[in-house]
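Good morning, and thank you for the time on today's agenda. I would ask you to look at the structure with me as I speak.

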Amino acid sequence: MTQPLLRLIVPAALGLLAPLAPVGASAAELNLEGIQRYAAGQAADGLSADQVTSINQFSDVQPTEWAYQALSNLIERYGCVAGYPDGTFRGKQALSRWEAAALLNACLDRITEVTDELRRLLKEFEAELAVLKGRVDGLEAKVGELEASQFSTTTKLSGQATFVLGANAFGGSAPTGAVRQEVGATTFSYDLQLSFDTSFSGKDLLRTILRAGNFADSAFGGAGPTGGLSTLEVAFQEDCGDNADCGDVVAIDKLFYQFPLGSGFTATLGGRVGQEDMLALWPSVYPSDTILNALTLNGAPAAYNKNLGPGAGLWWQNGGFSVSANYVAANGNGGNPSEGGIGTSASAGTGTVQIGYAQEQWAVAAIYSYIQSGVGVPGTTPITALAFENPSSSTNAIGLSGYWQPSSSGWAPSISAGWGINSTSYDGQEVDGDVRTSQSWMVGLEWSDVFVKGNALGMAVGQPVFATALEGSDSPNDGNVVWEWWYKFQVSDNISVTPALFYLSRPLGQDTPSGETFNQLGGLVKTTFRF
């Protein structure tokens with residue numbers, strides 16, 4: 001019996017149970033016949049013979065009445081309330097014990113009818129209800145097993161394993177035998193990443209990434225004179241210093257903690273955190289499946305250098321706008337200030353500030369990075385790589401990047417583009433021929449759901465970091481162009497296969513022998529498993 005019904009009927013029932021009090025009238029004076037007709041749904045003492053179906057039929061019942069909702073539920077759910085012929089309910093009129101008995105009897109009859117109907121339905125669907133109960137019991141048992149055997153109540157584990165089978169061909173008029181001898185073989189390499197994301201409050205994030213790989217001896221992993229440009233984004237192998245082969249070593253790739261501060265601010269700090277982990281906005285949607293690392297850095301590889309080490313950062317976001325600032329020291333774990341530490345000349349540190357604005361389909365960002373010597377800037381020609389490694393160098397890098405993407409898949413691709421410019425100084429120790437200014441740019445296009453839903457097609461072209469001005473009077477001849485084309489087959493939700501080609505028009509840049517040409521064509525098949 002519902003609460004509204006109880007609120008109206010229980011007082012009547014209690015009135016019936018209470019002892020009779022002198023009321024100045026005998027039973028003979030009451031219209032017993034009329035009350036019996038009321039119980040049967042007929043007119044009595046001037047009551048309407050028809051049961052009302054809506055409380056709105058009563059002209060004297062207002063929503064402000066204390067029992068308005070209870071009376072409404074009693075009428076609409078049980079249909080056991082009648083009114084007077086003049087359309088009134090007369091709620092303030094005293095209720096005799098006879099009328100209370102009649103009202104209670106009429107409502108109980110309706111409840112009995114509902115109960116009988118429920119019994120009939122339960123009997124009719126007895127088999128189906130038994131099946132549902134069995135399924136619910138089975139689900140509860142499985143949930144119990146999962147809770148008992150789950151890895152952690154606060155940590156989520158995800159993984160990615162990548163296989164790369166490929167080879168590189170070298171051409172041009174310059175001698176290529178030595179390069180072929182070093183990195184000309186077909187290779188099969190792997191990368192494995194295990195990510196542990198832990199949250200203690202539901203808003204914070206402790207991220208731990210374990211990683212292993214064996215790319216170091218391949219052109220796809222940075223080996224050979226052109227490795228700075230042919231390195232794949234997925235390539236990894238732990239650096240073991242002077243030790244032997246580290247291809248099977250599992251290492252901590254990243255370890256950092258991220259938490260909100262309120263008012264749109266988020267802080268990040270870690271013993272091994274990447275510059276990119278502390279940026280509120282990544283101003284590119286290219287590519288959904290990475291190939292060359294040089295073409296994944298928003299056209300400004302120096303500014304977006306992904307420096308990795310001890311660091312901390314802070315970002316603010318509001319209404320599409322974002323501001324990020326961070327510091328990373330690649331050698332920040334060293335105790336000797338001449339070799340490392342935080343904020344020393346040997347820190348191999350980067351300080352970065354980014355301002356961005358993003359909407360659902362597009363975004364733009366400007367970035368500034370101060371780069372100390374020793375930072376491994378990706379996507380460089382041999383001469384610009386030496387500039388960043390010079391012990392007396394420091395670089396101011398600026399980048400402008402953005403993207404646009406269609407609201408749905410079709411003939412129009414997403415477009416990501418960026419440009420960067422870098423100014424390098426040498427603390428008064430520069431010599432003629434040192435790189436003073438370098439630039440970079442890229443444009444990437446990607447089509448989604450090509451031929452089959454879930455598949456993607458992409459291509460990008462650009463110039464990685466190349467020298468545009470040298471110390472002294474010499475003019476640089478460091479220009480080069482990088483192209484890549486790929487098509488991703490989404491075999492299943494967790495497996496994709498991506499054949500790809502890339503072409504490096506002049507990967508040696510300034511080091512290309514005078515009057516000679518040298519180029520590189522790479523082909524690979526990349527298979528990715530996500531779990």
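This is a predicted model: local features need pLDDT of at least 70, side-chain atom pairs count only at pLDDT 80 or more; totals for chains, interfaces and linings use all residues.

The protein chain contains eight helices and 16 strands. It has 531 residues, of which 42% count as buried. Among its contacts with a separation of 6 or more, 63% are between residues 24 or more positions apart. The chain exposes about 27,100 Å², and carbon and sulfur atoms supply 58% of that area.

Let us turn to helix α8, residues 382-389. Which of its residues are buried? They are Ile383, Thr384, Ala385, Ala387 and Phe388. These buried residues of α8 pack against five strands, namely β9, β10, β11, β12 and β13.

The covered face of β11 carries Ser414, Ser416, Gly418, Gly420, Asn422 and Thr424. Its uncovered face carries Ile415, Ala417, Trp419, Ile421, Ser423 and Ser425.

How does β11 pair with other strands? With β10 the pairing is antiparallel, over 11 bridges. Here asparagine 422 of β11 is the bridge partner of alanine 397. β11 and β12 also run antiparallel, joined by 10 bridges. Isoleucine 415 stands opposite leucine 445 in β12.

Now to the aromatic rings. The structure holds 13 aromatic pairs. In one of them, the rings of tryptophan 282 and tyrosine 304 have centres 5.2 Å apart and planes at 75 degrees; since planes over 60 degrees apart count as edge-to-face, this pair is edge-to-face. Both residues lie in the loop between β5 and β6, so the pair ties together parts that are 22 residues apart in sequence. Are these two residues buried or partly exposed? Tryptophan 282 is partly exposed, at 28% relative accessibility, whereas tyrosine 304 is buried, at 0%.

A further pair consists of tryptophan 483 and tryptophan 485, which are stacked, with 5.7 Å from centre to centre and 15 degrees between the planes. Tryptophan 483 is partly exposed, with a relative accessible area of 30%. Tryptophan 485 also counts as partly exposed, at 37%.

Lastly, Phe163, Phe188 and Phe529 are linked into a cluster by ring pairs. Thank you for your attention.

Methods:
Residues are numbered from 1 along each chain as its sequence is written. Side-chain values use heavy atoms; hydrogens and water are left out. Buried means under 20% relative accessible area, exposed over 50%, partly exposed in between (1.4 Å probe, protein chains only). Helices (H or I, at least four residues) and strands (E, at least two) are DSSP runs, numbered from the N terminus. Contact means heavy atoms within 4.5 Å. Accessible areas come from the Shrake-Rupley method with a 1.4 Å probe; for residues, only the protein chains shown count as cover. Two strands pair if DSSP finds at least two bridges between them. Rings of Phe, Tyr and Trp (its six-membered ring) pair if their centres lie within 6.5 Å; planes under 30 degrees apart count as stacked, over 60 as edge-to-face and the rest as tilted.
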